[in-house]
Amino acid sequence: MSTQNGKSRSFVDNLGKVYALYTLGFLVFFAFMALLERMGLSAQAIGICFLMFTIAIYAIIGWLSRTAEVDAYYVAGREVPALYNGMATAADWMSGASFVALAGGVYFGGYPYLGFIVGWTGGYVLVNSLLAPYLRKFGCYTVPDFIGTRYGGNTARLCAVIVLVVASFTYVTAQINATGTIAAQTLGIPFELGVYLGLLGIFICSMLGGMRGVTWTQVAQYIVLIIAYLVPIIWMSNKQGFGLIPHFSYGEAIHRIAELEAQFGLQPAAEAVPGVAVLTTPQNEPAGQGWKMVSLAICMMAGTASLPHILMRYFTTPSVRAARRSVGWSLFFIFLLYFSAPALATLTKLQLLDPNLPTAVIGKAFEEVSNLAWVQHWSSVGMLAVVDQSGDGIVQLNEFFMRPDIVVLATPEIAGLPYVISGLVAAGGLAAAMSTADGLLLAIANALSHDLYYKIIDPRADTARRLIVARVLLLFIGLAAAFIASLKLTGILGAVAWAFDFACSGLFFPLVLGVWWKRANRAGAIAGMMGGFLVGTWYLYMVYNGLMEPWFGIDHIRFGIIGMPVSLVAMVVVSLLTPAPSKEIQDMVDEVRIPHGATILAAGH
Amino acid sequence: MSSTDAGAKERHWEKTRNLTYVVLALWALFAIIIPWFANALNSFTFLGFPLGYYMCVQGSLIAFVVLIWVQNWRQDQIDDEYGVSD
């Protein structure tokens, strides 16, 4: 073991060099592909090269990070520096939904969908101030580990495991769906096959090295995904005259879009086309929509602070101070993508609408538009449709149908950028979906292997046995998730929003009050977890199936707004009606609140 | 544990708690109140953007990043002051 430790130590010392070299290598590969495209390499071959090259790199990192130690498998040996943990968290965090679907949501959903932008960044303030440093001090391996130790007893632990599994599993099917979509699109294979191929890549990253393998591949995936997101925006902005960095200068485009929207009129389509939509929501019209936007943001923020695959990333830092610092880095790296997504949505919309730009399609002759290469490409897979429903031979705004999820993927083609950019974007989307799926699968498998198997079923199991159980569970959960994903039950953004709602309904208050309210006890925590989770789920079921009118406009993607207050009230009332926790537990909470000293749970527990 | 030690822990937690309250108040301002009133803010222009839109897509986000870094800087000071940093 000592040689392995020595090896990993020198790896950690050289992280800067290793990843700088990797980034350079990726850029050289990108330039090489651009050159091959000039020399006539086909679009499909470029896409395949991008996917194969990046997956091969992740596989190599996964292989090099293999481990047989419990601490390395569950918390990457607690030696991940703050900066790199920030990058890994950003990749863990930004999923197929952020990369592929977010800009499309802003494009089609307008102001209320900005709740995703504010919610998925603001949540980190809650993570940093309420939870991350304290959970790090606790020294747990998983989130239910904290619940089980703070409140005591297997019932509380089991409740936490249930909420965790439901929330994370909902989330992971959406990610595997995204992985499959990208793999199928780029490689030209059936979706179902793409799903299992994506799963194979995910296993390579997580099986051998557990959290350690996932950490170092996530850092690599972050680098790919952020380059892939920013390059097309910068390129497009240059073409449209908004300068090298459009983020601070696209304000004019917002005004221009408002003019164009008024000019073309935001009418619903004369006849709907299944699976695709026309633009009906104005880009910037917040009047009377404040509650809709803020209720979504609140669910996403509280969900951020209760999703175990994010919280467990902060267990991997060397110290409490490093855990806090890495939350700061995480949000910075996430911010780079999130403040770009609305810019991308706006520039893409402008280039489709503005008749002064050569790429515009609205108001052009129907013949001309339907012969564009990118229109034909995306129409052939059913993700775009241009139908002359009014019969005037001109493409109107309500005759241009598009699937929101393709805004990011199709943008390079719409803007007439070389195909090498599309290949890059596909690799970025795959990195985003894979990295999140890795983190989620690991969170589920670790909770089941550590909390359910080791802590509840067989506390005498030895290290080798625990790690075998963890890996076998990982395999089965992954296969189950891929199977569900191949059934294509939900869209990407909707399923992800549900995961946040499940997490915040069941776990937010039990976690926060565990640190911030000494009086919180076991009975209260169980009531809070189950009360919030069950009422939230009931509300989702009733509203989603149309069995009940939504209350106060709270629809199925915002059901956390119902679950959270129930959880809070149940937890406080039941805690106060039952005896206070023991002196030992209260002292433990005091100990958690100061960074100094040993962790509450010893290593290898 | 001596009583002065316990007293220091007490004061450390009090300062930590107050810092957290301030951070949460600012968080609520940028995450909830400003986005809610985006419509009213849109009558102002900032960098060429309608202000309400700007805050939802950039301003609040920048505020969150700054908030976390400032909080961590201040928390480090508090921890050092009471000698409880790790």
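Predicted model: local features only at pLDDT ≥ 70, side-chain atom pairs only at ≥ 80, totals over all residues.
Visitor: How many residues of helix α19 of chain A are buried?
Guide: Helix α19 of chain A runs over residues 407-414 and is mostly covered. Those buried include A:Val407, A:Leu409 and A:Glu413. Out of eight residues, the buried count is seven.

Visitor: And which residue takes a positive phi just after α19(A)?
Guide: α19 covers residues 407-414. Just past that helix, a phi of about 70° turns up, and the residue is A:Gly416.

Visitor: What is the radius of gyration of chain A, and why does it agree with a compact globule?
Guide: The C-alpha trace of chain A spans about 80 × 55 × 40 Å along its principal axes. A compact globule with 605 residues would come out near 25 Å, so chain A agrees with its own value of 24 Å.

Visitor: Which helix gives the most to the side of chain A that touches chain B?
Guide: Here 42 residues of chain A are in contact with 39 residues of chain B. On the chain A side, α7 (114-138), α12 (251-264), α13 (290-304) and α15 (320-338) each supply at least two residues. The top contributor, with 10 residues, is α15(A).

Visitor: How many nonpolar residues does the side of chain A that touches chain B have?
Guide: Sorting that side by class gives six charged and 12 polar residues. The nonpolar count is 24.

Methods:
Residues numbered from 1 in each chain as written. Chains lettered and ligands numbered in written order. Rg over C-alpha atoms; globule rule 2.2 N^0.38 Å. Contact = placed C-beta atoms within 7 Å. Helix = DSSP H or I, 4+ residues; strand = E, 2+ residues; numbered from the N terminus. Nonpolar A, V, L, I, M, F, W, Y, C, P; charged D, E, K, R; others polar. Buried ≥ 20, exposed ≤ 12 C-beta atoms within 10 Å, placed from the backbone.
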